[in-house]
Amino acid sequence: MSVGAKVRSQLAKRAPRLEEAVVRANWRRHNRDRPFDRASISDPAQRRLVDGLHRDGVAVGTFEELIGDRELWDSASAQARELHAAWRPEAAEEGSKASFLTKLATTDFDADDPFVRIALHPAVLNVANGYLELRSTLRALELWHTRPTPGSAIQTQLWHRDADDVMNVKLFLYFTDVRVPAGPLTYAPRTHPLGDRRTVPEHDEHRRSRDEQMARVVPENEWRILEGPPGTVVFADTCGYHKQLKPESDERVKLVAHYVSGTPYVEPALELRGVDDSSLSDDQYYAVFDRGRA
């Protein structure tokens with residue numbers, strides 16, 4: 001073990017918040033070649049979302065206020081409906097994530113796909129980059145379909161936090177009406193890396209916690225149950241504690257775009273075909289190619 005690793009190990013035991021600050025400072029140093037100034041964001045809707053992410057780790061808006069491109073929404077919504085209509089149940093191991101979640105689209109996309117156009121939209125990148133304060137990379141893009149299953153909450157229906165990066169952003173765009181019966185995303189505010197509720201709750205061997213364990217860190221009446229109609233946009237740093245509320249009776253279809261730094265802990269999971277790099281802004285170039293222009 002290196003001297004630096006030993007120091008961080010001791011910090012993690014004796015002063016976890018200080019250790020997190022050291023890790024974050026080191027992370028920023030390694031990403032100093034892709035700076036983004038959040039003060040450069042002038043749009044009020046974008047600024048509100050960035051401020052909400054900084055404060056709580058989660059922020060909610062609408063496609064109309066953030067992007068406002070009706071043609072793009074219609075194209076993406078129609079594609080989501082088509083993919084959902086083509087879905088057929090498949091056998092899945094009981095208790096597995098696949099028993100309640102199917103990825104209707106994932107990994108491979110054409111550059112002009114409406115889902116890609118949303119994920120790379122300048123307004124969306126401004127929010128992700130403004131929160132991270134760096135030019136992010138679009139690591140993954142998926143269309144999720146979740147549905148009710150018998151039994152108690154399992155897998156990501158329990159409280160957990162992701163370890164994809166020191167900080168990250170996920171965009172969730174609802175294509176269906178997501179109310180409690182459909183199992184909306186639920187978030188414990190201020191448990192994100194910039195928050196003041198970084199206490200780790202009691203958990204099982206998979207580091208997942210039940211409601212009563214999470215409530216000892218964040219009171220239940222402060223949990224954010226992120227319901228919304230089609231067109232609802234949720235940005236979240238999933239390095240904070242979150243879960244999918246277990247669906248009771250309805251299905252949910254949503255787009256998920258994942259933004260990370262240049263030094264994440266996970267491999268990329270996206271292939272884009274037919275990219276015209278000359279048409280990309282500097283922010284889009286980083287998002288697609290994980291580097292700046294030469």
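**Exercise 1.** Determine in which helix Q213 is found, and whether Q213 counts as buried or exposed.

*Solution.* The model is predicted.
Step 1: Q213 belongs to helix α8, which covers residues 211-214.
Step 2: The relative accessibility of Q213 is 17%. Buried means under 20%, and therefore Q213 counts as buried.

**Exercise 2.** Describe the surroundings of Q213, leaving aside its neighbours within four places in sequence.

*Solution.* 
Step 1: With those neighbours left aside, Q213 is in contact with P201, E202, H203 and R208.
Step 2: Consider also W159, which lies 54 residues from Q213 in sequence. In space, the C-alpha atoms of Q213 and W159 are 9.1 Å apart.

**Exercise 3.** Locate R198, and state which backbone oxygen its side chain reaches.

*Solution.* 
Step 1: R198 lies in the loop that runs between β6 (185-187) and α8.
Step 2: R198 has a relative accessibility of 15%, so it counts as buried.
Step 3: The side chain of R198 reaches the backbone oxygen of T191, at 2.6 Å.
Step 4: When residues up to four places away in sequence are not counted, R198 touches T191, H192 and P193, and also R17, E20, R161 and C239.

**Exercise 4.** State the average pLDDT of the chain, and identify where pLDDT stays under 50.

*Solution.* 
Step 1: The average pLDDT of the chain is 93, and 95% of the residues score at least 70.
Step 2: Over residues 1-15, pLDDT stays under 50. For this stretch the model has 9 contacts beyond four places in sequence.

How values were computed. Residues numbered from 1 in each chain as written. Predicted model: local features only at pLDDT ≥ 70, side-chain atom pairs only at ≥ 80, totals over all residues. Heavy atoms only, no water. Helix = DSSP H or I, 4+ residues; strand = E, 2+ residues; numbered from the N terminus. Buried < 20%, exposed > 50% of the residue type's maximum accessible area, 1.4 Å probe, protein only. Contact = heavy atoms within 4.5 Å. Polar contact = N/O pair within 3.5 Å; in protein donor to acceptor, adjacent residues only side chain to side chain. pLDDT = per-residue confidence, 0-100.
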